[in-house]
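Load the model and keep the sequence beside it. The walk below starts at the metals, moves through the sheets and ends with the rings.

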Amino acid sequence: MIRFAAFLLIFSFLWSPTNPNVDQINLIIDDDLTYLVSFYKHRHQHPEISLQEKETAAELAAELRKVGFEVTENFGGYGIVGILKNGDGPLILYRTDMDALPMYEKTELEYSSIWKTEYNGSEVGTMHSCGHDMHMTTWLGTARTLAEMKDKWKGTLMMIGQPAEEIGAGASMMLNNGLYERFGTPDYGLGLHCNPTIQAGKVGVSEGFTMANTESVDIKIFGVGAHGASPHMSIDPVVIASMMVMELQTIVSRNLKPTESAVVTVGAIKGGTKHNIIPDEVTLQLTVRTYKEEVRKMVHKRIKEIARGTALAAGLPEDKMPEVTIPDDFTPANYNDPGLTKQFEQSAKDAIGVDNVIYAEPQMVGEDFACYGKTKEDVPTVLFWLGTVTNEKIESGNLPGLHSPFYYPTIETTLKTGISVMSNTLIDLFQG
Ligand SMILES: [Zn+2]
Ligand SMILES: [Zn+2]
């Protein structure tokens, strides 16, 4: 009896149950890898910046059609919507972004970007330094996998190719163009983003707020100009601006509840022309980051009060109060639905192993993927981090961030991980 129990114990250690869907997904990825790697390198060499994604979108649309999707092009700029109907079941959205950044690549890879564009009146290189080329290739690999495994799921897959993520506009462009009205409101939404510090082969995720409301605020400060040697004849806007910058620091340190999060950064001060002239105008450019709506409103209120209060203290009259501009449009905070995040984690663990699904800390960066969940219907969404760097690179400590001219993902492991996790999650969600 003891011998039999020992046998059972050893047997249970040796026999790890395999998931037949995961096995099939991995076989399909292995078959597709050469094709996908060359697609990736081609896209990496030919990046198009925000609102110029014409060729990229046309190529993605053609790729989806090849595997049976019904594709609508030019939907909200160069946006594309690929629909694969496969019987009764949930409608699930999977979004990739498509745009690159106006900058010269310095990676010295043999497949480095060879494209240039006009930007702000001058010629500049274009580069996929945010990894959107990897997002597109993972997305395509997943579309191909799901098309091949149609007998394993039921429902409708909605593949979104989104333009203009880098300027925080593309998701709104597609949603405002009637994305959900025309194609249906999804039951779930999924997306991923390359991560420049997580090892390739792993994914990172956390639930709740993971990325911030991102807003650009302008403050125009007026004053009374004078000769630099006659400050008594002036109301100096440079001094007012300096005081204001310091006062703004107290919003996060004194007005915000210590357990909440926010950032108020003054990124630019512009004013004056010469050493000996006191100007009559200075502008401040701020970025404001928050998670919760009540915190966002509080920060706005304090910025306005500080601007006005500092101007009054300097003796400026009512008609010279600062102008504070807070645009209505902003990138909303990303909220990973807790229930869907748990389901995602389980599917990801089944696909790549328990140790390869890690906790990723929330950040104050912005991502307009959040818009797909922030609709009046409140779609549960998850945006997770896809690890992209080799262990050797992590150990070397040389980890260029996103938007760096030196950033690039390691291709094969990143792709396999992204496609495997995304395909298995989709199939699990379709199967309910
Ligand atoms: Zn970016
Ligand atoms: Zn990005």
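Are Cys130 and His132 buried or exposed? Cys130 is buried, and His132 is buried too. This is a predicted model, so every value here is computed from predicted coordinates. For Cys130 the relative accessibility is 6%. Buried means under 20%, so Cys130 qualifies.

Stay with Cys130. This residue bridges the zinc ion (ligand 1) and the zinc ion (ligand 2). The two ions lie 3.2 Å apart. Take the zinc ion (ligand 1) to begin with.

Now look at the spacing in sequence. The Cys130 and Glu166 pair links distant parts of the chain, 36 residues apart. Cys130 sits in the loop between strand S6 (122-127) and helix H4 (132-148). Glu166 sits in the loop between strand S7 (155-162) and helix H5 (170-176).

Turn to the zinc ion (ligand 2). Cys130 (SG), His132 (NE2) and His193 (NE2) coordinate this ion. Their distances are 2.1 to 2.4 Å. Here the spacing reads C-x1-H-x60-H.

Next, the sheets. Eight strands form an open sheet with mixed pairing. The order is S1-S2-S7-S3-S8-S19-S9-S18. Strand S1 (70-72) and strand S18 (357-359) are the edges, each pairing on one side only. From one strand to the next, the twist averages 30°.

Strand S19 (residues 381-389) has another partner, strand S9 (residues 203-205). These two run antiparallel and are joined by two bridges. Val203 has Leu386 in S19 as its bridge partner. While tracing strands, keep one rule in mind. In a regular strand, side chains alternate between the two faces of the sheet.

A second open sheet has three strands, in the order S4-S6-S5. Its pairing is antiparallel. Strand S4 (101-102) and strand S5 (116-119) form the edges, with pairing on one side only for each. S5 and S6 pair over four bridges. Within that pairing, Glu118 stands opposite Glu123 in S6.

Now the rings. How many aromatic pairs does the structure hold? The count is seven. One of them joins Phe209 and Tyr291. Their rings are stacked, 5.7 Å centre to centre, with 15° between the planes. Phe209 lies in strand S10 (residues 208-211), and Tyr291 lies in the loop between strand S15 (281-290) and helix H8 (293-313), so the pair ties together parts 82 residues apart in sequence. Phe209 counts as partly exposed because its relative accessibility is 27%. Tyr291 is buried, with a relative accessible area of 14%. Ring pairs link Phe209, Tyr291 and Tyr335 into a cluster.

Arg296 lies over the face of Phe330, at 3.8 Å from the ring centre. Lys393 places its charged end over the ring of Tyr408, 3.9 Å from the centre.

End in helix H8, which contains Ile303. Is Ile303 buried or exposed? Ile303 is buried, with a relative accessible area of 0%. Its C-alpha atom is separated by 44 Å from that of Ile419, 116 residues apart along the chain.

How values were computed
Residues numbered from 1 in each chain as written. Chains lettered and ligands numbered in written order. Predicted model: local features only at pLDDT ≥ 70, side-chain atom pairs only at ≥ 80, totals over all residues. Heavy atoms only, no water. Donors = N, O, S within 2.8 Å, 3.2 Å for Na, K, Ca; no water. Buried < 20%, exposed > 50% of the residue type's maximum accessible area, 1.4 Å probe, protein only. Phe/Tyr/Trp six-rings, centres within 6.5 Å; stacked < 30°, edge-to-face > 60°. Lys NZ or Arg CZ within 6 Å of the ring centre and 35° of its normal. Pairing = 2+ DSSP bridges. Axes fitted to C-alpha atoms, helices over the stretch in contact; angles between N-to-C directions.
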